[in-house]
Amino acid sequence: MRKGITLFRLLLTACFVLPAFGHAAGLGRLTVHSALGEPLRAEVEVTSVQPNQEDSLAARLASQEAFRQAGVEYGSSLMSIRVTLEKRDGKPIVRLTSTRPINEPFMNVLLELQWSQGRLVREFTFLLDPPGYRGERPAAAAVPAPAQATTTEAPTVARVAPAPMPPEGKPLAPQAAPAARTYEIKRGDTLGRIARETRPEGVTFQQMLAALYRANQGAFISGNMNLMRSGRILQIPDREAVSAISAGEASQLVRK
């Protein structure tokens, strides 16, 4: 049944791009030009545009329903973001600007690109550096988002049943160690989404990202947080393991 559902999803996704398959426009890397606490200034390159597609190109922030189906929170900061399609050196780019300062260090956005023969939606996760930060700011890679009509499955996390109470007057028998929590990486998953779903209370988002990455080195392609191997089983660190990574150490690892 799972194979059937996966096949259905693949076919459903193909319906959006099949008319222009092989000549479909795409969204490349996102580059951020603003800092934390400033109005957003970012741009995304549009790739593989054919001459007959340029006049019909349109870009926008995906709908709130698309965010919900992709499992991405539609934060209040997104309400002030404007998406425009412009040209630079004769090539189309998608420009993202906001009317208000962005005070969230991490942002997740879903961008939708349409043209006369197709449509695609991509998720971008990016980091906003503090003002005055002089380190090299990496461009964020596009991550495929589930098709708008696809049902997004919530992460499956193992839960430990409470230990039974011993009969009155009898000592409690030794209990086995709690089962480790795990999650199987699915196509279209992002580390940010998994971190949000599994983060225990009392730790930061950056600490959870760093802990997941360190505990599952083999699940990432070329050591890149943005590139996870579908089908791998992630070991979910507990709160103690996550807390062992300081906020500064976690932030440095995420930037790297």
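Student: Which residues does Glu43 touch, not counting residues up to four places away in sequence?

Tutor: A contact means heavy atoms within 4.5 Å. By that criterion Glu43 touches Arg29, Leu30, Thr31, His33, Arg88, Ile93, Val94 and Arg95, with residues up to four places away in sequence not counted. Please keep in mind that this is a predicted model, in which local features need pLDDT of at least 70 and side-chain atom pairs count only at pLDDT 80 or more, whereas totals for chains, interfaces and linings use all residues. Residues are numbered from 1 along each chain as its sequence is written, and side-chain values use heavy atoms, with hydrogens and water left out.

Student: Where does Glu43 lie, and is Glu43 buried or exposed?

Tutor: Helices (H or I, at least four residues) and strands (E, at least two) are DSSP runs numbered from the N terminus; Glu43 lies in strand β2. Buried means under 20% relative accessible area, exposed over 50%, and partly exposed in between, with a 1.4 Å probe and protein chains only. Glu43 has a relative accessible area of 9%, so Glu43 is buried. The side chains of Glu43 and Arg95 are joined by a polar contact of 3.4 Å. Such a contact is a pair of N or O atoms within 3.5 Å; within protein, one must be able to donate a hydrogen and the other to accept it, and residues adjacent in sequence count only if both atoms are side-chain atoms.

Student: Which residues of the largest nonpolar core touch the most other members?

Tutor: In soluble globular proteins, nonpolar side chains tend to be buried together. A nonpolar core is a set of buried Ala, Val, Leu, Ile, Met, Phe, Trp, Tyr and Cys residues joined through side-chain atoms within 4.5 Å. Here the largest has 33 residues, of which Leu27, Leu40, Val94, Leu96, Leu111 and Leu113 touch the most other members. At least two residues of this core come from each of β1 (26-32), β2 (39-47), β3 (58-61), α2 (64-70), β4 (81-88), β5 (91-101), β6 and β7 (118-127). β6 gives the most, with six residues. There is also a second, separate core of 26 residues, including Ile194, Ala210, Met225 and Met228.

Student: How many residues of helix α4 are buried?

Tutor: Nine of the 11 residues of α4 (residues 205-215) are buried, so this helix is largely enclosed by the rest of the structure. Among them are Phe205, Met208 and Tyr213. The buried residues of α4 pack against β6 (106-115), α3 (191-198), β10 (233-236), α5 (239-243) and α6 (247-255).

Student: What is Pro237 in contact with, leaving aside its neighbours within four places in sequence?

Tutor: Pro237 is found in the loop between β10 and α5 and is buried, with a relative accessible area of 10%. Its contacts beyond those neighbours are Arg181, Met208, Ala211, Leu212, Ala215 and Val242. Pro237 and Ala215 are 22 residues apart in sequence and 7.1 Å apart in space, C-alpha to C-alpha.

Student: What is the phi of Asp89, and what is the phi of Ser222?

Tutor: Most residues other than glycine have a negative phi. Asp89, although not a glycine, has a positive phi of about 55°, and the phi of Ser222 is near 55°, also positive in a residue other than glycine. Asp89 lies in the loop between β4 and β5 and is exposed, with a relative accessible area of 75%. Ser222 is in the loop between α4 and β10 and is exposed, with a relative accessible area of 73%.
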